[in-house]
Amino acid sequence: MESIIFTTDASIVLAELLGGIRHENLFIVADKHTVGFCDRLFEKVDWIPSHVTVLDCGEEYKSIESVSRIWMMLSKRGARRSSILVCVGGGVVTDLGGFAASTFKRGMRCINVPTTLLAQVDASLGGKTGFNFNGLKNEIGTFSIPEKVIIDVHFLSHLPVRERMSGFAEMIKHGLLSDREYLTRLLSLEYQETSPEDFLELIRRSVTIKGEIVSQDPREQGLRKVLNFGHTIGHAIESLSIMRGMALLHGEAVALGLVAELYLSVKEKGFPEEIYREVRNFVKRYYPNYPLMEHVDTLYELMLHDKKNERRGVNFTLLPGIGEFSLDNYCSKDLVVEALSQV
Ligand SMILES: NC(=O)c1ccc[n+]([C@@H]2O[C@H](COP(=O)([O-])OP(=O)(O)OC[C@H]3O[C@@H](n4cnc5c(N)ncnc54)[C@H](O)[C@@H]3O)[C@@H](O)[C@H]2O)c1
Ligand SMILES: O=C(O)C(=O)C[C@@H](O)[C@H](O)[C@H](O)COP(=O)(O)O
Ligand SMILES: [Zn+2]
């Protein structure tokens with residue numbers, strides 16, 4: 001796993017890390033919102049603004065064109081393998097920047113400064129990078145661990161509630177993958193009254209849960225497939241929503257995917273029904289509804305492209321219980337449709 005630094009002032013950590021680096025070797029990628037953090041973030045290092053690629057915001061820009069813009073900045077400005085790309089933003093920026101860095105001259109140095117809850121607990125960690133292609137989520141990508149990840153919860157102060165809840169869905173996934181106590185804590189949290197500082201302990205916990213899994217299976221040969229729980233259906237829902245121009249956030253789609261895949265877990269593996277209902281009620285209460293039943297064929301077609309598939313059909317990670325995993329389950333289309341009808 002990468003080295004993760006928790007701090008209350010990312011600018012100090014960056015200044016220390018970048019202390020010895022020459023101007024022409026420092027590159028930054030951000031989006032139109034997060035570029036606003038950069039003056040303050042880099043004020044203690046000698047920052048050259050012309051070395052910043054500013055991407056458009058949102059999932060629809062998680063594309064080869066955005067990657068190409070980063071590559072172009074690096075190439076035109078003479079970046080070397082020893083140069084550093086600092087990615088400042090949410091999961092879209094860290095996935096795109098991480099991909100660009102891992103492929104530029106076959107790999108240059110990369111530091112992530114995640115600024116959304118989702119990126120702090122999940123996207124900036126573990127080395128999955130990539131972009132969407134042919135209407136499919138992360139269809140092109142690499143495994144490439146960043147050199148450092150700097151987590152500063154102060155970035156979260158102005159994060160819209162919808163974005164915060166999106167990140168929270170990945171934390172609920174972590175709760176389901178670890179223990180009842182963490183899950184219960186998450187499901188009973190009062191978000192509006194929870195400050196970024198209160199979130200710190202929960203972020204640390206999620207980072208540890210992900211880290212323990214990734215370090216055992218960095219390239220998703222087996223165990224890491226559990227981190228994809230909720231995503232077989234969640235990614236299909238997310239892609240469908242983008243296709244229909246009514247885009248859900250990644251974590252919103254994952255929340256719906258968690259409900260459907262927990263239902264499959266109840267039916268196929270005996271996952272406790274009361275916990276399934278608790279999670280479902282939470283998702284119904286806090287996440288958007290989405291019309292799924294009129295699109296079941298499209299959704300199933302999208303699932304047939306899931307990266308975990310190793311033969312015909314759709315490969316699900318299922319949970320016999322909290323913190324218990326069953327990998328490589330190929331469920332029937334009828335059962336998948338039944339699961340979608342429960343969301
Ligand atoms: N690589 C992985 O392991 C992994 C894991 C989970 C998700 N992901 C990917 O991450 C992406 C989603 O990431 P995301 O939810 O961070 O979305 P995002 O990067 O699109 O950021 C969400 C929005 O919040 C804005 N923003 C960022 N920081 C902010 C702040 N501090 N205050 C206010 N606004 C801020 C951004 O500009 C953007 O408009 C998806 O593409 C998903 O596939 C990757
Ligand atoms: O780290 C992982 O492994 C994950 O699956 C984490 C997911 O939350 C994340 O959305 C990931 O990008 C999905 O990867 P993919 O391989 O299904 O594209
Ligand atoms: Zn995810």
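Me: At what angle do helix 9 and helix 10 pack, and how far apart are their axes?

Reply: This is a predicted model, and in it helix 9 (residues 231–243) and helix 10 (residues 250–269) pack at an angle of about 135°, with their axes 7 Å apart.

Me: Why is this pair called oblique?

Reply: Angles over 145 degrees count as roughly antiparallel, and 65 to 115 degrees as roughly perpendicular. The angle here is about 135°, so helix 9 and helix 10 are oblique to each other. As for the hand, the crossing of helix 9 and helix 10 is right-handed.

Me: How do you know which residues of helix 9 meet helix 10?

Reply: Residues count as in contact if their C-beta atoms, placed from the backbone, lie within 7 Å. By that test, His-231, Thr-232, Ile-233, Gly-234, Ile-237, Glu-238 and Ser-241 of helix 9 meet residues of helix 10, including His-250, Ala-253 and Val-254.

Me: Now the domains. How many residues of domain 1 are in contact with domain 2?

Reply: The chain is divided into domain 1 (3–156) and domain 2 (161–341). Their C-alpha centres lie 26 Å apart, and 22 residues of domain 1 are in contact with 29 residues of domain 2. On the domain 1 side, helix 5 gives the most, with 5 residues. That side has 11 nonpolar, 7 polar and 4 charged residues.

Me: How do you know from which domains the shell around ligand 1 draws its residues?

Reply: Count what each domain supplies: at least three residues come from each of domain 1 and domain 2. Of the 31 residues around ligand 1, His-33, Gly-90, Gly-91, Val-92 and Thr-116 come nearest. Helix 4 (91–103), helix 5 (117–123) and helix 6 (161–177) each give two or more residues to this shell. By class, the shell has 10 nonpolar, 13 polar and 8 charged residues.

Me: And which residues come nearest to ligand 2?

Reply: Of the 13 residues around ligand 2, those are Gly-126, Lys-128, Asn-138, Leu-227 and Asn-228. Strand 7 and helix 9 each give two or more residues to the shell. The classes split into 1 nonpolar, 5 polar and 7 charged. Domain 1 and domain 2 each supply at least three residues here.

Notes:
Residues numbered from 1 in each chain as written. Chains lettered and ligands numbered in written order. Predicted model: local features only at pLDDT ≥ 70, side-chain atom pairs only at ≥ 80, totals over all residues. Near = placed C-beta within 6 Å. Helix = DSSP H or I, 4+ residues; strand = E, 2+ residues; numbered from the N terminus. Nonpolar A, V, L, I, M, F, W, Y, C, P; charged D, E, K, R; others polar. Domains from an automatic or database assignment. Axes fitted to C-alpha atoms, helices over the stretch in contact; angles between N-to-C directions. Parallel < 35°, antiparallel > 145°, perpendicular 65-115°, else oblique. Left-handed = near helix turned anticlockwise from the far one by under 90°. Contact = placed C-beta atoms within 7 Å.
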